[in-house]
Amino acid sequence: MIPSKSSDPSAIRIGTWNTEWAKPIGIRGNIISEKLAASGCDVLCVTEGFAGILPDGGHVIDAGKDWGYPIYKGRRKVLLWSKQPWTPHVDAVGTADLPGGRFVAGSTGTLSGTCLTVVGVCIPWSGAHVKGGRKDRTWWQDHEVWLAGFEKLRSRIPESRTIVLGDFNQRIPRHRYVPVRAYEALKCVFKGFRFATEGELPKGLRLIDHIAHTPDLTRGSIGIWNKKSADGIRLSDHFGVWCDFSAR
């Protein structure tokens with residue numbers, strides 16, 4: 001059972017989940033959709049998903065349909081959902097140096113009155129375009145290219161009331177299989193941000209889906225969406241995570 005925010009009406013609940021292409025019409029998609037809606041999140045980031053699994057009545061922006069692999073109707077690497085409208089300026093490119101389709105940014109209000117800048121990302125996994133896709137990369141190459149491109153636009157990202165979330169494809173602290181250079185690049189690019197999801201979370205989990213935030217946002221409660229439903233139905237190959245925040 002996900003705790004209500006009623007005890008702190010000013011809390012801002014933020015969540016992210018890689019849903020592994022769960023279709024809106026299907027057992028997995030229906031269960032995930034119910035869990036996302038029941039969470040009461042103000043802002044959600046879904047990676048490897050469809051807009052149809054996001055809660056009704058909100059506002060959706062996405063990173064586009066082309067990230068270098070075959071295009072399938074409705075699939076998006078990154079989607080952002082908010083209870084409140086997004087401001088007219090939405091950035092789904094970031095910089096030409098970023099591999100496409102994996103970045104979207106916008107600003108939105110919350111019911112508590114706080115305005116947030118939100119950046120949704122899906123950083124390429126270690127094997128992107130190695131044995132599949134274009135097959136023109138080495139291991140970790142696309143991951144590091146993405147981080148280098150993101151570094152070039154950091155100056156455009158506000159240093160207050162900002163959330164960056166999604167699939168980072170790295171654990172924090174570093175997992176032994178991750179090259180030191182890739183981990184150090186991640187930490188360098190996100191210098192000045194705090195990771196609400198680093199280290200061991202409830203149930204001893206260490207995630208690769210993260211919520212990074214500027215220091216003026218204080219983390220409160222945190223919770224996990226499991227890979228399986230209560231009756232054992234496989235939902236995703238990722239755990240999802242949500243956090244409550246308060247603004248200073």
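**Aromatic packing and the cores**

Phe 168 is buried, at a relative accessible area of 0% (buried is under 20%, exposed over 50%, partly exposed in between, with a 1.4 Å probe and protein chains only). This is a predicted model, where local features need pLDDT of at least 70 and side-chain atom pairs count only at pLDDT 80 or more, while totals for chains, interfaces and linings use all residues. Residues are numbered from 1 along each chain as its sequence is written, and side-chain values use heavy atoms, with hydrogens and water left out.

Ten aromatic pairs turn up, counting rings of Phe, Tyr and Trp (its six-membered ring) with centres within 6.5 Å; planes under 30 degrees apart are stacked, over 60 edge-to-face and the rest tilted. Phe 168 and Phe 190 have ring centres 5.3 Å apart and planes at 45°, so they make a tilted pair. These two partners sit 22 residues apart in the chain. Phe 190 is buried as well, at 2% relative accessible area. With Phe 195 its ring planes meet at 65° and the centres are 5.6 Å apart, so that pair is edge-to-face. Phe 168, Phe 190 and Phe 195 belong to one aromatic cluster that also takes in Trp 146, Phe 150 and Phe 193.

As for the nonpolar cores (buried Ala, Val, Leu, Ile, Met, Phe, Trp, Tyr and Cys joined through side-chain atoms within 4.5 Å), the largest has 26 residues, with Ile 14, Leu 80, Leu 165, Ile 211 and Phe 245 touching the most other members. A second, separate core holds 24 residues, including Phe 168 and Phe 195.

Terms used
Helix = DSSP H or I, 4+ residues; strand = E, 2+ residues; numbered from the N terminus.
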